[in-house]
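Please look over the sequence and the structure before reading on.

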Amino acid sequence: MTKRLYIETVGCQMNVLDSELVVGSLRRHGYELTHEVTEADVILFNTCSVRQHAEEKIYSALGRLRSHKQRHPSKIVGVLGCMAQKDQELVRKRAPHVDIVCGTGQLSRLPELIAEVERTGLPQLALSLDRAEASRPEVEQSFESYDPLRDPSMRPSPFQAYVRIMIGCDKFCTYCIVPSVRGPEQSRHPEHIAAEVRQLADEGCKEITLLGQTVNSYKYDSGDGRRLRLSELLGRIHDTTGIERIKFITNFPKDMTDDLLDAVRELPKVCPYLHVPAQSGCNDVLKRMKRLYTAEYYRDMLARCRENVPGVAVSSDFIVGFCGETEESFQRSCDLVREAGFKNSFIFKYSPRPGTKADDLYPDDVAEEVKKRRNNDLLAIQNAVSLQDHRARIGQIVEVLVEGPSKAALKRDSGSGLVQLTGRTMTDHIVVFEGNERLVGQTVEVMVQEATAFTLFGTVVTEKRVGFLPDGHRSSDRDGQPGKKTDRVALPVI
Ligand code: 5AD
Ligand code: SF4
């Protein structure tokens, strides 16, 4: 009999990808996905530890399951990912009905762990080594990369996919739990990455997003003294037939090298979009965060991005209320957001994480209300900047990869068969427009007519599909210049 699997995922794109891979592997073991938790034989939570709030959400979801598990003791409950690796036995202390605790580096063992619970009824713990507990090679091995065959049906969309190019992080920013829950930085073999991209393209995937905690730190030692970097990896996968867009997230400011920016400029399928978290605009705070750069360095890096990649869109992350952040230091972050022209920024209130340097060294001395106020203030500044950025695009024709019906309005235009669709430009701007549902998965040209801080609104200029010809030239290049990626000024449409 087919067994049913329910999986809930919180956190970053890395977790979304991990869940996709877990489902793929369990499908091959006879499981079928259900969206009803009460119908499932195996209930999994893929968790995040970056902020306390994300953990609380999971513990309350587990609490809600307690009586269900009491009534159906044969159902298996598993906690996967970052919180599993961080809390270890504590997960079962807080939620004794959990059968499996499986860290980020042990996910490939999941089918075996489930079988073991079925066989013995005993709880199973699968965790990687603590970074302070063993030698680097041993720890690295215990965080084995988990990239088995993909399951296309678990992707956010059939024509978009994440591809992991590295795991772990070696930066040790003082506030961040990631280096301990995702282990040492390890880059994947370029040929494995290229093969996965080819497989995804064969399955109809058009856009791939390369993933790494610090994706631009990618380096693969080929053994003969040569070191392959992200710029070269992009070159290697660029000509994969069928792939039309390549993105990569998340970047570390100090590793934004010129060769990478040259690759982004020169390779037409690589999106001119860079997510480069600044975290703060104040040097004292950056120092306590151990970000390894100053606000001046960040500004120079940004200038280099804009100079080397004309039309590039940059987005950022900020933490407000980090230990010792004064009103003056917060104002430095406000100044940076005002000046930098970010497309958007994700803003987070500092959340102390046990096990991090910041939690050991510095008191969490900014009051919650102050964190809240600073969060709102910085967001308001960013929204004004985003609105300006968006308004400047009114009148332009942009290429949009259509992702699906927009969330807000599945409203059908009476009789015309049109639906409100949403998609993204090469610069990662969200565009909403009316069109036929069959455009989903296609790249179309849209004339931008209106803008809010979050969305561009427009109309389809032509339904002619925009894409790449086998020779790498864009099929819609009006001026015959492959590689020209900046959005064009609107031409009259006949
Ligand atoms: N508190 C708040 N935000 C954090 N981030 C990472 N750790 C913390 C923390 N302890 C934010 C950073 C990072 C994003 C993914 O999450 O801004 O870039
Ligand atoms: Fe965390 Fe810093 Fe690594 Fe990003 S670079 S994952 S913030 S330690």
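Two strands are said to pair if DSSP finds at least two bridges between them. In this predicted model, strand 14 and strand 15 run parallel and are joined by 3 bridges. The points below take up the sheet, and then the two ligands.

- An open sheet is formed by 3 strands in the order 14-15-16, with parallel pairing.
- Strand 14 (273–275) and strand 16 stand at the edges and each has a single partner strand, so one side of each is left without a neighbour in the sheet.
- Direction ignored, neighbouring strands of this sheet are turned against each other by 10° on average.
- Within the pairing, Leu274 stands opposite Val314 in strand 15.
- Helix 15 (residues 368–391) packs on the sheet, where it touches strand 15 and strand 16, and its direction makes about 170° with that of strand 16.

**Ligand 1**
- Strand 15 (313–320) and strand 16 (345–349) each supply at least two residues of the shell around ligand 1, and this shell has 5 nonpolar, 2 polar and 4 charged residues.
- Nitrogen atoms of ligand 1 lie 3.0 Å from a polar backbone atom of Tyr175 and 2.8 Å from a polar backbone atom of Ser351, while an oxygen atom of the ligand is 2.7 Å from a polar side-chain atom of Gln279.
- Of the 410 Å² of accessible area that ligand 1 has on its own, the protein covers 85%.

**Ligand 2**
- The residues around ligand 2 include Cys169, Cys173, Tyr175 and Cys176, and its shell divides into 8 nonpolar, 2 polar and 2 charged residues.

Terms used:
Residues are numbered from 1 along each chain as its sequence is written. Chains are lettered from A and ligands numbered from 1 in the order in which they are written. This is a predicted model: local features need pLDDT of at least 70, side-chain atom pairs count only at pLDDT 80 or more; totals for chains, interfaces and linings use all residues. Side-chain values use heavy atoms; hydrogens and water are left out. A polar contact is a pair of N or O atoms within 3.5 Å; within protein, one must be able to donate a hydrogen and the other to accept it, and residues adjacent in sequence count only if both atoms are side-chain atoms. Accessible areas come from the Shrake-Rupley method with a 1.4 Å probe; for residues, only the protein chains shown count as cover. Helices (H or I, at least four residues) and strands (E, at least two) are DSSP runs, numbered from the N terminus. Ala, Val, Leu, Ile, Met, Phe, Trp, Tyr, Cys and Pro count as nonpolar, Asp, Glu, Lys and Arg as charged, and the others, Gly among them, as polar. A residue is near a molecule or strand if one of its heavy atoms lies within 4 Å of it. Axes are lines fitted to C-alpha atoms, for helices over the stretch in contact, and angles run from 0 to 180 degrees between N-to-C directions. Contact means heavy atoms within 4.5 Å.
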